[in-house]
Amino acid sequence: MKRFNIILVLLGILTFSYADINVEKEVKVFEENTNDKIVEEIIDLEKEFKNNTSIILKKLLKAKKIPSTLSRNLTKKYYRNFDYSTFWVNKEGIKPMAFSLIKSIEEDEVLKPYNQKLFKLNKINETINSIQTDENIDLKKLLTLDIMLTSTYHEYMRYLSRGFIDWKKFQTKLKSLNEKKEIIANWKKYSVKKNIRKLLYEAVKNDNIFTAIDQVNYTFPKAKELSNLIKEYEKIAQDGGYVKIPKIKKSLKKGNYYPEIKILRQRLLQSKDLETTNCIEKEEKKINLIEENLFKKEPQIVTTQLDKETATVEIKKEPDTPIKDCLELYDENVFQAVKSFQKNHGLVQDGVVGRNTVSRLNISIEKKIKKMRINLERMRWMPRTLGEKYLIVNIPDYKLKMYNNGEKKLDMAVVVGEYKNPTPIFSHKMSSIVLNPYWRIPQRIVKREIIPKLVEDPNYLTDRDIKVFENWSHKSMEFDMQNVDWSMYLDNDLIGNTQQAPMRFIQIPSNQNPLGRMKFMFPNRYSVYLHDTPYKRLFKNNKRAYSHGCIRLSRPHDLLKTIAEEDSRVDYTKAKEILNDIEKTDLDLTKKIPVHIVYLTSWIDDNGKVQFRDDIYRYDRMQGNLLYKKAL
């Protein structure tokens, strides 16, 4: 009996379990069918949207006036090669990627003064607002917006990859310098050669517009930080700008009291060179105590004798020393802040507030913002890849730096071309080093400088180890120059014409050679290179624009040694032995090193500090006129 009951219980459990399994199956089948229906409906909606958009897009692109600033053919190409699908909108409305594009343009600090005008952002935003406020989606309006944004995207990407400036007009201005002032100035621009249209296809696939933008935008170190800093500067401008330092009659020096220091504290706080305007209490108390002891006088006792028996005694007290305002004290905090400001503006870091420092302090915030924007624009003219290991020479900073995998290996002072002989701005690759180089003197220098000196002093060539040859080889036929009437070469083209000049002037290796004992070669059309120099005293100067265009190195041995450490072809010990002689020797590098000669008057340095430099070649003003139609 018990056994029978157990069997009945087991059968009951199995029956209920079987029923549960059937229910689960039915629910699962129902859910699957429902999901399939939803998926099918979505697919149908997407097909319907795609078909409708395809028809309307084709009609919009055939209309007499299309909503695009691009040519009809280019606009059609964008959509035809994308199967007439949309980029910026879908059946739900406007995609987030569209807003990312608009925000990027609005926040682009180079184009900000003109972004509304350039890209008709007002019209785009009006269309967006209209679409978002409509109860029902107007497909035609939505697709019109898509075409407008595609046009905007293309124009913006062109500016990112090529820069905003009218390059032809800038080159015309450089040519006019040669015509009017005989100044040969050169600046090479590097544009990004990417298929902008295909980048958009990729961005849509990834649903991320920055996969396209980042392919063409500047990659110069800390360019984005400089762009972000402009926003902070604009806030200062909106609040009234920098406080102005009054003209000073004499330099302000540490340890003294000046009324101007109160204002100086505020100004240095604005540029973050000073952390607080408070005085240094310990130093203030110490100075007050010293002053108190210096100026404290004992009361004078004066005895007046009236007669032999009586007398009066009068005590005269000196007046109290007036208490000075510690905010007017040029204390240690202000001293260090002034030195920081001087460093960030390329001035002598002596902590003395003279006319030069006051002049830089009083540059308006608006001018600095324009300078920063111009330099961001310049960063869009540079190669997007500087190299794993590279050299960079910033002309206005008078500095050469070497980096390897982001680490700074060298930082040295250089001499660059003077205003009349500006160093060209370009990028190339160093391929060799020449020890004990010959200086093949350019015909331009021979005509302008050497011939006039020879007229005055016939021994000029001999005294400087300069010889005259038939061609640029120092092994070619040498001329005897002892009895030449050099006056016949003045004011004519017999010498000075590179192609037809009858002779070549070459200075042999010596301690007098302007190239020093070594030069670092990156063969280029401008005949410019890095080299040693016998004129070491010039590196002590704060401003160092003295050369004919080449770049003189303060520590060429350090550069040679750094290269030798990573290049098996360059033996530093053997090179030093060669340098003790005068025999010319070429050392070819195993791997070429990129060299970038740049012109930046504002940038963010390795420590995250914004830097400003003087516009030694006056390019800021020239390019500022072309970029923003106003002189700086």
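This is a predicted model: local features need pLDDT of at least 70, side-chain atom pairs count only at pLDDT 80 or more; totals for chains, interfaces and linings use all residues.

**Cavities, pocket, core and disulfide**

Sixteen residues, written as 16 in the count, line the largest cavity, and those nearest its centre are W381, M382, I425, I597 and V598. The volume of the largest cavity is about 120 Å³. Its lining is made up of 12 nonpolar, two polar and two charged residues. Two strands, strand 8 and strand 16, each give at least two residues to that lining. Strand 16 contributes the most, with three residues.

Those two strands are also partners in a sheet. Strand 8 covers residues 426–435, and strand 16 covers residues 585–598. They run antiparallel to one another and are paired over nine bridges. Within this pairing, M430 has I593 of strand 16 as its bridge partner. Strand 8 has a further antiparallel pairing, with strand 12 (residues 518–521), over four bridges. There, I433 stands opposite F520 of strand 12. How much of strand 8 is covered? Eight of its 10 residues are buried, so by the cut-off of under 20% relative accessible area the strand is mostly covered.

The structure holds two cavities of 30 Å³ or more. The second largest cavity has a volume of about 30 Å³. Its lining consists of L177, I183, A185, Y419, P422, Y617 and Y619. By class, these are seven nonpolar residues, with no polar and no charged ones.

The next space to look at is a pocket. The largest pocket contains about 1500 Å³ of space. A total of 49 residues line the largest pocket, and W439, I441, P442, I445 and H548 lie nearest its centre. Which elements each supply at least two residues of this lining? They are strand 9 (439–440), helix 16 (443–456) and strand 14 (545–547). Helix 16 provides the largest share, eight residues. The lining of the largest pocket divides into 21 nonpolar, 14 polar and 14 charged residues.

From the spaces, turn to the packed interior. In soluble globular proteins, nonpolar side chains tend to be buried together. The largest nonpolar core in this model has 150 residues, and Y153, F505 and L530 have the most contacts inside it. Helix 6 (residues 139–162) gives the largest share of this core, 12 residues.

The cysteines come next. How many disulfides does a search of the whole structure find? The search finds one. A disulfide is a covalent bond between the sulfur atoms of two cysteines. Here the two cysteines are C279 and C326, with their sulfur atoms 1.9 Å apart. The disulfide is right-handed, because the torsion about the S-S bond of C279 and C326 is about 75°. The pair links distant parts of the chain, 47 residues apart. C279 sits in the loop between helix 11 (260–270) and helix 12 (281–295), while C326 sits in the loop between strand 4 (311–316) and helix 13 (332–344).

Another cysteine, C550, has a relative accessible area of 15%, so C550 is buried.

The last stop is a serine. Where is S54 found? S54 belongs to helix 1, which spans residues 2–62. With a relative accessible area of 13%, S54 is buried. S54 and S85 are 31 residues apart in sequence, and their C-alpha atoms are 6.5 Å apart in space.

Technical notes: Residues are numbered from 1 along each chain as its sequence is written. Side-chain values use heavy atoms; hydrogens and water are left out. On a 1 Å grid over the protein atoms alone, a cavity is a set of points where a 1.4 Å probe fits but cannot get out, and a pocket is an open set with protein on both sides within 12 Å along at least five of seven lines; lining residues have an atom within 4 Å of a point. Grid points are joined across faces, edges and corners, and a volume is the space filled by probe spheres set on the points. Ala, Val, Leu, Ile, Met, Phe, Trp, Tyr, Cys and Pro count as nonpolar, Asp, Glu, Lys and Arg as charged, and the others, Gly among them, as polar. Buried means under 20% relative accessible area, exposed over 50%, partly exposed in between (1.4 Å probe, protein chains only). Two strands pair if DSSP finds at least two bridges between them. A nonpolar core is a set of buried Ala, Val, Leu, Ile, Met, Phe, Trp, Tyr and Cys residues joined through side-chain atoms within 4.5 Å. A disulfide is a pair of cysteine sulfur atoms within 2.5 Å.
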